[in-house]
Amino acid sequence: MSESDKSLRSALGRARYLGSARRGAADAWLTHVSAAALVVLASAFVLTMLTLLDKDYNAVRAELGHPIPAIIVLLFATVATFHMHLGMRSIILDYVHGRAREWALIGNICFAGAVAIACVYAVLRIGFV
Amino acid sequence: MASNDPTSPSPAARPLSPHLGIYRFTLTMAMSIAHRITGAGLYLGALLLAWFLLAASMDATAFSHFSGFIQSFFGRLILFGFTWALFHHLLGGVRHLIMDAGYGMDDPEREQLAVANLVGGFALTLVVWAIAYAAR
């Protein structure tokens, strides 16, 4: 009972092996929570990018070196890459089957993770180096 | 119902929903597909953000490669598409949150929400690009 207490699946659905496979409801929930956060973060990110228009290398670095723009970009990049990983995961689970699915899921983690790390590293390097 | 035996080691064959081909075309269906396509586009577009930040973190030469690309006609086209996909997907997400809360699923409302999503996505894109060009 301990698992079913936390699960959003109904006991009947579980008994019949129907509904989301294993932890599908958890993925959907995390997608929704990150989506709600991204409504705010993506808007703040676009406004931040508008302040960087036509600025040269030094001016862009100076702007992104400030805490508020840096934190907005860091939050947007991390939550967006988390959200896009979940979204691509559900696309893969819908359309890719068999052994290719396993490679696609691994590739998805690697891509989203690499983009996240690259963005975080770059913002920190601008701010601290 | 032996295949649905919960103690069976291998899961039963799951029922699959019918695929796209058998449905009549509706606006809400097109918006659902557009939500997924814009999401996949933004997935690839994230490379643009990583490129921009990495270039700014390196040196003026690396940054000039990025700004040269993004200021070219092709670069602007990509960035315009990215902006539209971002706003379309953002408003689509809000629409999904509204519907998940149980609202806006009846006959006129769901179409109105879909139209608002479509128009709003283009409108926000044009507003941001108008600000961008006005601020130059």
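**The pair between the chains**

Analyst: Asp94(A) and Arg36(B) form a salt bridge, with the closest N and O atoms 2.8 Å apart. The pair runs between chains, from helix H5 of chain A to helix H1 of chain B. Note that the model is predicted.

User: Why is the pair of Arg36(B) and Asp94(A) called a salt bridge?

Analyst: The rule asks for a side-chain nitrogen of Lys or Arg within 4 Å of a carboxyl oxygen of Asp or Glu. Arg36(B) and Asp94(A) have their closest N and O atoms 2.8 Å apart. The pair therefore meets the cut-off of 4 Å. In general, side chains of opposite charge can pair when their charged atoms come close.

User: How many salt bridges does the rule find across the interface of chain A and chain B, and how many over all chains?

Analyst: Across the interface there is one. The whole structure has six.

User: What makes chain A and chain B partners in contact?

Analyst: Contact needs heavy atoms within 4.5 Å. By that test, 46 residues of chain A touch 38 residues of chain B. The buried area is about 3,400 Å², and carbon and sulfur atoms give 73% of it. Nine residue pairs are in polar contact between the two chains.

User: Which helices of chain A supply the side that touches chain B?

Analyst: H3 (24-50), H4 (57-64), H5 (67-95) and H6 (99-128) each supply at least two residues. H6(A) gives the most, with 11 residues. By class, this side of chain A has 33 nonpolar, six polar and seven charged residues.

**Two helices of chain B**

User: How do you know that H1(B) and H2(B) pack, and at what angle?

Analyst: Helix H1 (residues 27-57) and helix H2 (residues 60-71) of chain B have axes 7 Å apart, at an angle of about 145°. Their crossing is left-handed. Among the residues making the contact are Trp51(B) and Phe52(B) of H1(B), and Phe63(B) and Phe66(B) of H2(B).

User: What classes of residue does the contact of H1(B) with H2(B) have?

Analyst: It has 10 nonpolar residues, one polar and no charged ones. His65(B) of H2(B) takes part in this contact.

Terms used: Residues are numbered from 1 along each chain as its sequence is written. Chains are lettered from A and ligands numbered from 1 in the order in which they are written. This is a predicted model: local features need pLDDT of at least 70, side-chain atom pairs count only at pLDDT 80 or more; totals for chains, interfaces and linings use all residues. Side-chain values use heavy atoms; hydrogens and water are left out. Buried area is the accessible area (1.4 Å probe) that two parts lose on being put together, summed over both. A polar contact is a pair of N or O atoms within 3.5 Å; within protein, one must be able to donate a hydrogen and the other to accept it, and residues adjacent in sequence count only if both atoms are side-chain atoms. Helices (H or I, at least four residues) and strands (E, at least two) are DSSP runs, numbered from the N terminus. Ala, Val, Leu, Ile, Met, Phe, Trp, Tyr, Cys and Pro count as nonpolar, Asp, Glu, Lys and Arg as charged, and the others, Gly among them, as polar. Axes are lines fitted to C-alpha atoms, for helices over the stretch in contact, and angles run from 0 to 180 degrees between N-to-C directions. A crossing is left-handed if the near helix is turned anticlockwise from the far one by less than a right angle, and right-handed if clockwise.
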